[in-house]
Amino acid sequence: MPYLGGEETVKELRRALSNPHVQGDPLRHRSTVLRVIRVMSQGVDVAGLFSEMVKACATTDVVQKKLVYVFLCSYASLNPELSLLVINTLRKDCQDPNPMVRSLALRNMTNLRLPSLVEYVQQPLTAGLRDRAACVRRVAVLGWAKLHSLQPHADIDAAVVNELYSMLRDNDPVVMVNCLRALEEILKEEGGVAVNKAIAHHLLNRLKECDVWGQCEVLGVLQRYRPHSEEELFDILSLLDPYLLSPSVPVMAATLGLFLSLCCRGLPAVSLAALRRAQAPLLAACGSASPEMKFTALCHVQLLLRSLPGLMGEHYKRFFCGYAEPAYIKQRKMQVLVELVNDDNVGFVLDELKGYCTDVSPDTAQAAISAIGRIGRSYSDQCLEILTGLLGLKQEHITSVVVQTMRDLVWVCPQCSESVCEALEGCEDTLQDSQGRQALLWLLGVHGDRVSSAPYVLEAFVEQVRSEMAAGVKTELLTATMRVFLCRPAETQDTLGRLLHYCIEEEADMNVRDQALLYYRLLHCGIEETRSVLQGRRSDPSLGVLIGRPAEPVSQWARSFNTLEPLRQCNAGAESAPQAAPYHLALDPEPTPGSGGGQLGLSLSPALSPQQFEHLWLGGPQCPHGEPGKGLQAALQRSHIQTMAFTPPHTLPWRVYLYTHTRWGGPAPRGPTLVLGELLYTGGRGLRVTAKQRPRDDEAMKGFLQVLSGALHTSSTGSC
Amino acid sequence: MTSYSYCPRLSPFSFSIIFKLSFFLSLLSRDDLPDLHFVLQGRSPHLQRLYPLLCLGFTCNIILNGLLLLSSYNAKHTFINPVGEHFLISLVVIAIRNGGVLLFRGLCVNVLNHNQSSVRGEVGKDAVTVFYEKVTALTGDQPPVVMSHKELHFVHIRQGGLYWVVTTTADSSPFTLVEFLNRLTTLIKDYCGSLSEKSVRMNFALIYELLDEVVDNGYIQTTSTDILKNFIQTEAVTSKPFSLFDLSNVGLFGAETQQSKVAPSAAAARPIMSSRGDQGGKSEIFVDVVERMSVVIGSNGVLMKVDVEGQIRVKCYMPSCLEMRIGLNEEFSIGKSQLRGYGAAVRVDECSFHQAVKLDEFDQHRILKVCPSQGEHVVMQYLLSDELPSAPPFRLFPTIERDNGGRLLMYLKLRCDLPPKSSAINVSVTVPVPKGSLSLSQELSSPDQKAELRAETRAVHWDIPRFPGGAQLSALFKLEVPGLSSASMMEVGPVGLSFELPKYTCTGLQIRFLRLTPVQAGSSQRWVRYVTHSDSYTIRI
């Protein structure tokens, strides 16, 4: 920050400070010092006044003393020699009868941060630990931590560490908490305070004396403690239970964090129960008056929903956006709303989201439209109706996002392609940005056979290709024209010829030109060859993706709970989460149900996304098996088998795709295998099971089939 | 996508495979690279055909990408597993949007060790500059709450038009930090009287002093005014703007006309600590019942959503700690099952109290006992959702149509359903209108109302300074919208209302009495105030 006239001001201040009249008058002296601090905080370099300020330090006026200390602490490292002069005053103040003066002197002595002064500081600090007044002890305890960070390699006297440990039993709760903080810093290399049973229980008993900040600190330190027995664990949990409902959000969050770290390994059921219990205070925090607190709570609600999908389903109205809320909160709320949708509330949620689509802020409108697209994966008809309606507005930014959303939707739910194709007619005039046009071209290319005007829209694009700036649009145009050519050659041949000619002869962008050349050569190889390259396999349009995603174990995100992590990932929604999941797995082996010796267990993690499933299914050897019976999703879920997709009921052939991971309990360690399966019911009696496996493990396959048939039998006896 | 620049476009399906491959690669080390070729060869037939191409143009890109991903993955991991679990506030900054930094204070040693070559003040200043650049670089309404720059993490809130920022480590609790900043702003408001750029500028010495006592070495020590009052010595500097309202209580020749039954609204906006001055001697206590309602009313007039969040705030100027008893309505009940008394029940769904509140008389007589400490505290918070004891305060009857000349006609009839003796003030109705609306002609029912078309919010704002209960106001707006189509009508609405209802609570919560024990002779004054704000009041059309 440049500040003009700085030097003049410093000169003038020096004159004033050394003026004996000013020094004699306490009020004038104080106001001069005040002016020095003011200029300092405005960014002027006032280091030159150091010696004058050292003199001003010797005063009985406490306010002036405090001000001078602010100055000295800022500039001490520039003048280590002169700072020695201050030490005498400070040491004298440490003997002052007034505890406030003592604590002030002690604090600033350690705040000077000069290694050369360490020898003078140690003695008053030791004395400070035994001071009568709690406020002096608080400062002294933290003083040792400051001293340690000043000389990280010098060993702190073991006697001091012992004294700090014994001061955990100090009467004053703040001294206790400060001891914890200081020990954490001093013993950082050894992993912080050693929390043994005695200390842990002492801390737990003193918890209610501390204020909110102290409680958070203590609960954080206790995360490292591992109870010796299950009984002790449950004692601790029931002691902490009231704090889960604390009116103060930080305490509630710290308690929940402690619950998760204590339980998530051995007792997943308890941690889920804790999450359910913390639901109410978290919801209350989502409605807090402070937008930042609201945001923090929303981000953590998203974490919770990863393990308990649909947890706050009935409270979905709490996540409706207020019209004056900042955009970043609105976007988070919409992300949460998407997760909460179920059969009962989908109408209300969509109604609400529809209102945001025409929001004046393009970001909010865009987020709302994408949210509708996400809901469309499970409730495609209602969502497509809204999206089609929005196209009628003929506004650039809305149309662009709608077309992109439709593209993504068609990719996941092929059954919507019919209505999307109808909606596409005529929206090419409104699209201006390259993202939207790319999406439109992709849709035209893939569904060119169903959009009657596709060749003519492409023709219009090809005519303007010279003025087109974005290379992405050009490459997309090439691919789309090629595809339409494959299904409607007569109408497209001329257009394609012109486009290829332009791209190969005139285009400056190498990327586009190379692609055009590739297609040109590909066409030389024959139409069948071209078709097999350009038209990959498609998903079976009769399948619908299931609602919601599988519940992740709490342990996958417990570490990031109550840290800055969930707040920072800006748009990491459902897309990235399941993909990142598998690699946390090594940290915490999943407990297998009924894991006896050598028994097989199934597990749902790592979760598979629909795309991954399709990808794995299409490439892998089959091992067919016949199996009688008829099954239901819930029964399968209970036996840790996840259903991926299924045909609507009462249609033939009826199909279910499912997957699971096998895991061996017992002494012989064997790697987990991934099993994918297809159940096919073609009418008549009997159900065909096709299973694929990676890596191959025949025994695991046998075990999986046993579990599967067991699940199918239970469900058929239960439902039929 | 930039890393894929010199390659032909592939079909989306193979693209998704390549994405996955690059993701798998992110987990392989350099030694595993031969596996890539193995993986590529095993894919579907059309990818195999492209394999030579992939090898030529792609592999390096993918590998680079993979390694990049790998490194970022590792970095993320070390963030989650920090060495020490303690959290620190390294720096507190108070900044304004376009005028630079008001005040900053380095609070711990550790942040400086990262950068030992530079001097203490400069490190702090660097962090401040980084934050400042981040804020000014953004164009939207507010930057995200958490921002990171290398190993620096900024957490900020916005209060009183200022940014309140701390820098911290990645593993610290955001709940604690945000709550701390909120508490800090309340403290500074208590000590300085109000929260604004001006008051911060005038009281920087006091704020330095407060920060020193509140945070030591990056650890929060205390935020309780009871403890702080022993340490804080600097007196607040306040500016008293001249205001005609101050004169309203003064009669002819300065004689006090009304034995003021009403305290001016600014009475509670003064520093809690001042030894001199006429106001300072008064020991007063202010109790505010503040409710915020968020309502969504459907196009058919049905109440879709109602949430009322309420607080009882106590602001105390009394130096000594007394016990205060706050009596609520006897019919006050919590939860659905527990109805009390015979009168109209005052019901809330959830209720929580400040730690210091004693509840031994609450079950029987609905009395809260507190020993208020100086400054402002929230004594009780409550929440009512999904129903209201009375009708929602405003109903809207809109008629919206296109006329033959391509103009948009909006006839809005707004009814206030408050009881006749209450009224709403500062009512502002916001009606979003189609994009490209040009001019507005209006017919309003009284001259004190105002309406205008604002381009930046794309909405018609209709302001009504005062709206008595039971009244009905109407307005006719004609908008010139070029190219108005039937689809554009979707852009009209939902209508947002913002208003303030003085002397009114939606839940019906009242304070029956305020008693201080021991009873002080005359000198203490007790004030109670009720107000309901609209947090978000939306009416769909």
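This is a predicted model: local features need pLDDT of at least 70, side-chain atom pairs count only at pLDDT 80 or more; totals for chains, interfaces and linings use all residues.
Chain A has 720 residues, of which 58% count as buried. Its secondary structure comprises 34 helices and seven strands. The accessible surface of chain A amounts to about 30,000 Å², with 53% of that area belonging to carbon and sulfur atoms. When contacts in chain A between residues at least 6 apart in sequence are considered, 66% of them join residues at least 24 apart.

Chain B contains 541 residues, and 50% of them count as buried. Here the secondary structure consists of 12 helices and 25 strands. About 24,500 Å² of accessible surface is computed for chain B, and carbon and sulfur atoms contribute 55% of it. Of the contacts in chain B with a separation of 6 or more, 69% are between residues 24 or more positions apart.

Within chain A, one pair of helices may be examined in detail. Two packed helices are described by the angle between their axes and the distance between the axes. For helix α18 (residues 327-340) and helix α20 (residues 362-376) of chain A, the angle is about 5° and the axes lie 10 Å apart. Because angles under 35 degrees count as roughly parallel, α18(A) is described as roughly parallel to α20(A). On the α18(A) side, the contact is formed by A:Ala327, A:Lys330, A:Gln331, A:Met334 and A:Val338. The α20(A) side contributes A:Asp363, A:Thr364, A:Ala367, A:Ala368, A:Ala371, A:Arg374 and A:Ile375. Sorted by class, the residues in this contact are seven nonpolar, two polar and three charged.

B:Thr532 belongs to strand β25, which spans residues 524-539 of chain B. Is B:Thr532 buried or exposed? B:Thr532 counts as buried, because its relative accessibility is 0%. The side chain of B:Thr532 reaches the backbone oxygen of B:Tyr504 at 2.7 Å.

With a relative accessibility of 28%, B:His149 is classed as partly exposed. Once neighbours within four places in sequence are set aside, B:His149 is in contact with B:Val130, B:Lys134 and B:Phe154. As for B:His149 and B:Ser437, their C-alpha atoms are 42 Å apart in space, and the two residues are 288 positions apart in sequence.

B:Asn217 has a positive phi of about 55° although it is not a glycine. This residue lies in the loop between β6 (215-216) and β7 (219-220) of chain B. B:Asn217 is buried, since its relative accessible area is 2%. B:Lys503 also has a positive phi, near 55°, and is a residue other than glycine. Its loop runs between β23 (495-502) and β24 (511-517) of chain B. Where does the relative accessible area place B:Lys503, buried or exposed? At 73%, B:Lys503 is exposed, whereas B:Asn217 is buried.

Two further loop residues illustrate separations along the chain and in space. B:Ser439 is located in the loop between β18 (423-432) and β19 (440-444) of chain B. Its relative accessible area of 37% makes B:Ser439 partly exposed. How far apart in space are the C-alpha atoms of B:Ser439 and B:Leu479? They are separated by 5.7 Å, while the two residues are 40 apart in sequence. B:Ser439 also touches B:Leu479, along with B:Leu453, B:Lys478 and B:Glu480, when residues up to four places away in sequence are not counted.

B:Asp171 occupies the loop between β5 (162-168) and α7 (174-192) of chain B. The relative accessible area of B:Asp171 is 16%, and this residue therefore counts as buried, the cut-off being under 20%.

Conventions. Residues are numbered from 1 along each chain as its sequence is written. Chains are lettered from A and ligands numbered from 1 in the order in which they are written. Side-chain values use heavy atoms; hydrogens and water are left out. Buried means under 20% relative accessible area, exposed over 50%, partly exposed in between (1.4 Å probe, protein chains only). Contact means heavy atoms within 4.5 Å. Helices (H or I, at least four residues) and strands (E, at least two) are DSSP runs, numbered from the N terminus. A polar contact is a pair of N or O atoms within 3.5 Å; within protein, one must be able to donate a hydrogen and the other to accept it, and residues adjacent in sequence count only if both atoms are side-chain atoms. Accessible areas come from the Shrake-Rupley method with a 1.4 Å probe; for residues, only the protein chains shown count as cover. Axes are lines fitted to C-alpha atoms, for helices over the stretch in contact, and angles run from 0 to 180 degrees between N-to-C directions. Angles under 35 degrees count as roughly parallel, over 145 as roughly antiparallel, 65 to 115 as roughly perpendicular and the rest as oblique. Ala, Val, Leu, Ile, Met, Phe, Trp, Tyr, Cys and Pro count as nonpolar, Asp, Glu, Lys and Arg as charged, and the others, Gly among them, as polar.
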